[in-house]
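Notebook open, model loaded. I'm jotting down what I looked up, one item at a time.

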Amino acid sequence: MEYQALYRKYRPQLFDEVVGQSHVTNTLVREIAEGKVAHAYLFAGPRGTGKTTSARLLAKALNCQNPPGGGEPCNACNSCLAIINGSSFDVTELDAASHNSVDDIRDIRVSVTTVASVGGAKRVFILDEAHMLSKAAANALLKTLEEPPEHVHFVLATTEPYKLLDTIRSRSQRFDFHPVSVEELVGHLTHVAELESYEVADGALQLVARHAAGSVRDSLSLLEQVAALGNGSVDPAAINRALGLADRDVFARLATAVGEHDAKAALELVAKLAADGVDLRRFLSESIGFFRGVFLAHYAPNLDEVADEPADILEDWRAVAASLPVADVIRAMDVLSDGLLRLREGREERLMTEITLLKLTRPEVAVDLPSMQARLDTLERRVSAVARMAPAAADSPAQTGQSATASSVPAPSALPTAPMDAGRTEPTAPPTLKLVAAPADSNQDAASETPAASNLPPTARSDAAVIDLAAFKSIWPALSAQVKDELGNRRHALFREARPGRVDGSVLVIHVPGHLGFHLEQMISDPQFAAAVSASATSLLGGTVTTRFEADNADQTTPASPAPEESDEVIDKDRMAEAAPSDPVALVEDLLGGEVIDES
């Protein structure tokens, strides 16, 4: 006899032999036994789950000449044998992908009018891939589908029922075929392997069932392929070679590289997979499934009920979930999905895989929103670590002469550092803030506030702090930037040439060059202007102050030069402050008096 593929050789011949679809077969058997068979059925579900097989079993049971009872066919009479061999005149199978025109439906309507070959028999029309019917052909089928002759039954099988017309679905009795579970597939494969005398290694059939994705036909085809490759033996290594799959431990290594931001390990992993002949496109797809499992492990305590996977796979997911944050898991799925889309566009597989894993392990090379979120999460963890390591003696009497903020920032050697890879040279320590003291004013009393302390934000200074000229000058760039934000460019143009003059108690005197009398008059006559400047200065100095504008008569002869005590550095800071609103990092540096060191 000519050789038959396993999925054809072991096609179910009884409803009871259909794998994993008892909710369908039990209903059909009961309807046949009670004589309540519908005139039209719609079988919907994934490929390889038994839709066409169940349609043939329905045709055999309806035409069985010696029914044993219970709704099952006998598989021994002439009618059953003819249907099994595909030679029955009473069962017509059509592929809607190639018979999808109105003319093809017209032929069906003509065939419906013919009687069965044997008295009392039923004519059954099985239409595979019914969603491929054109709209005109589907509409032409409606009347016949709704009111066929009593001896005619229709079975429409499809993998995409939503593409069918609503009018067709409403005229049919629908059955949904579900993907077969791994456990049921393993039981069926074990039975077939025993009948075929295959030597099966531990865990091999579980691996076959997992990669069959719920399809009985796919699982039998894969089993047959692996058995031929191994000369009758089935083991996980042969399955991986046949499908180009990566070993199970590869995904745990990938998760470790992602958690440790180890780009070197990720690239070495890609090189090993390529050398082993692994299908990189399938590797990315399997990686998405792995990180999906890790995501489920984060939120599903009953993971064994949510996921249809073996216990060892579930333990791998839980182990990775314990060390990898949810944000990294979600970002991994997004980045891997984007990489898989690029591979499907036909791009170079190894290069795109390397770029994808590089984005996974080094978020700073990507500019997408999930990568930015990952960077922020890393910074938050580092800031939390710095806060925990801050010395508890910051408020002790021995440190009264030191700045509160300066005592709360640990030395660079005390900051936590992440482990560095052998192939990485860039530092991984968190950014270090360097407090730079401004030059002290010559007229300032020795017991007054230090310049470094005057450069601190208001929350770091006491409200009773003495306001002096040095403190006034230190906040001037930030004050100019805030005035620009509050009053706008037009009114800030009046304020641009002003400079710190002196401090009279809680009154800040601002000097305007003498040749700019119009500017001075506009600022004095505008109460909102002075109120805005006073409010900004109050927020920066930490104490309630007022402002007063005066003409700098000493500047009338040299209007273009600054006051003698004002250095070029003060002017440069003022110009830089004008651009501060457009550069948040520069504004933070000015306000905190620090320097941000970028890892890149």
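This is a predicted model: local features need pLDDT of at least 70, side-chain atom pairs count only at pLDDT 80 or more; totals for chains, interfaces and linings use all residues.

I began where helix H18 starts: a side-chain oxygen of Glu348 comes to within 3.3 Å of the backbone nitrogen of Arg350.

Next I checked the length of H18. The helix runs over residues 349-361, which makes 13 residues, and at 1.5 Å a residue I'd expect a span of 18 Å. I got 18 Å between its end C-alpha atoms, so the two agree.

Then burial. Which residues of H18 are buried? My list reads Met352, Thr353, Thr356, Leu357, Leu360 and Thr361. Around the axis they cover an arc of only 165°, so they sit on the same side of H18.

What do those buried residues pack against? I found four partners for them: helix H12 (249-260), helix H13 (263-275), helix H14 (280-299) and helix H17 (326-344).

I looked up its backbone: phi of His261 is near 55°, a positive value although the residue isn't glycine. Is His261 buried or exposed? Its relative accessibility is 18%, and the cut-off for buried is under 20%, so I put His261 down as buried.

Last entry: Asn75. I have its phi near 60°, again positive in a residue other than glycine. Where is Asn75? I traced Asn75 to the loop that links helix H3 (51-63) with helix H4 (78-85).

Methods
Residues are numbered from 1 along each chain as its sequence is written. Side-chain values use heavy atoms; hydrogens and water are left out. Helices (H or I, at least four residues) and strands (E, at least two) are DSSP runs, numbered from the N terminus. The expected span of a helix is 1.5 Å times one less than its number of residues. Buried means under 20% relative accessible area, exposed over 50%, partly exposed in between (1.4 Å probe, protein chains only). The arc is that of the directions from the helix axis to the C-beta atoms. Contact means heavy atoms within 4.5 Å. A polar contact is a pair of N or O atoms within 3.5 Å; within protein, one must be able to donate a hydrogen and the other to accept it, and residues adjacent in sequence count only if both atoms are side-chain atoms.
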